[in-house]
Amino acid sequence: MYKTLQLKRGKEESLKRFHPWVFSGAVERMDESIEEGETVRVLTSAGQFVAVGHYQIGSISVRVISFDDITIDHAYWTERISSALAMRQSIGIADNAENNTYRLIHGEGDGIPGLIIDCYDETAVIQAHSVGIHLCRKDIAKALVEVMGERIRNVYYKSETTLPYKAKLGEETYEAASANGLKNGFLYGGSEKNTAVENGLTFHVDWLRGQKTGFFIDQRENRSLLERYAKDKRVLNMFCYTGGFSVYAMRGGAKQVHSVDSSAKAIELTNANVSLNFPDDNRHEAFCEDAFRFLEKEGDNYDLIILDPPAFAKHRAALRNALKGYTRLNVKAFEHIKKGGILFTFSCSQVVTKDNFRNAVFTAAAQARRSVRILHQLHQPADHPINIYHPEGEYLKGLVLYVE
């Protein structure tokens, strides 16, 4: 039987609406011996069961795994992963020869807070965002291999930068630790192959050293949309990372594509991905430079610009400065993009709402004194689902704008 955590009076209401978080301020008392990452039963002030979840230190005390009084065991993980796979199959994302790159588990969106699983061909990359998921990693990997069958031959664990290291996790040695002592490593199998297919295009995926799980899957549909607008355009892809938008623009018939990132490693990855799909194609050139300086210096040369920066705000305290950053960046693009140009602009900050982002972009348009029309309002794809009871899961916002 799991240890218990009891709520203050009335604090169970959000759980009765199936919101999957218990905030620290809602906790009345808990068993003294509970350790971070441990599975706990959450009780109302009257002692009635309301949820099972993983305890953690911080503003969120429990991430709910189930609203049923169940045991979190192999059968549970198998059922949840099977359900997630069935959804991806039903919408044509999994088992698609033209696209073997997709998100299989998206945290709260798939009912498993703290867990991300991305699939790249025969390799699945697991990422834990809670200590509870970290402690379950072997069970999750075992269930994953069982459910996925021949689809997956390798399971890589990549969580050293995402775990909240408040528990004594640093004392552990992972079975699959790499030779340089990092805790990331293979939990199952092992492969040096690092390419995957997205909508018929091939990309290198750096799950060893890359950001997130190695490739930003969440822009897949937005990259396809960009491809439709790229014909005969001079395209600028800012914050290019692995060059996804650049490769799609080239397939779309762009006249010229320039990729910019302040990271030399990102430029290396971008050039590799362009060469993988369009060898010896002189339409593309990459620049390792600051985004603001590049826009100021070269922005007048482009009639299609993509702004896909890293998250400007990772917590609510940074929201105000983040919105100023989004406004400043978009002002530069509006000031320099050619008349009749198209701007793809994004925010991946979870604490920035759609209205926050739209207001920042509208302010930028007004400051630049450009006439702007909205062509599309963009969001994360279907394999990054949003739990209807957890609106915080809607993190990716985008606008496609026509600039007169």
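1. At what angle do helix α2 and helix α4 pack, and how far apart are their axes? The angle is about 50° and the axes lie 9 Å apart, for α2 at residues 74–90 and α4 at residues 137–148. That makes α2 oblique to α4 (under 35 degrees is roughly parallel, over 145 roughly antiparallel, 65 to 115 roughly perpendicular, the rest oblique). The crossing is right-handed.

2. This is a predicted model, where local features need pLDDT of at least 70, side-chain atom pairs count only at pLDDT 80 or more, and totals for chains, interfaces and linings use all residues. Residues are numbered from 1 along each chain, and side-chain values use heavy atoms, without hydrogens or water.

3. Contact here means heavy atoms within 4.5 Å. On α2, the contact with α4 includes Trp-77, Ile-81 and Leu-85; on α4, Ile-140, Leu-144 and Val-147 are among the residues involved. The contact residues divide into eight nonpolar, three polar and three charged.

4. The whole structure holds 13 aromatic pairs (ring centres within 6.5 Å; planes under 30 degrees apart are stacked, over 60 edge-to-face, the rest tilted). Phe-18 and Tyr-389 have ring centres 5.2 Å apart and planes at 55°, so this pair is tilted. The two residues sit 371 residues apart, each in a loop.

5. Phe-18 is partly exposed at 39% relative accessible area, and Tyr-389 is partly exposed at 42% (buried is under 20%, exposed over 50%, partly exposed in between, with a 1.4 Å probe and protein chains only). Phe-18, Phe-67 and Tyr-389 form one aromatic cluster.

How values were computed. Axes fitted to C-alpha atoms, helices over the stretch in contact; angles between N-to-C directions. Helix = DSSP H or I, 4+ residues; strand = E, 2+ residues; numbered from the N terminus. Left-handed = near helix turned anticlockwise from the far one by under 90°. Nonpolar A, V, L, I, M, F, W, Y, C, P; charged D, E, K, R; others polar. Phe/Tyr/Trp six-rings, centres within 6.5 Å; stacked < 30°, edge-to-face > 60°.
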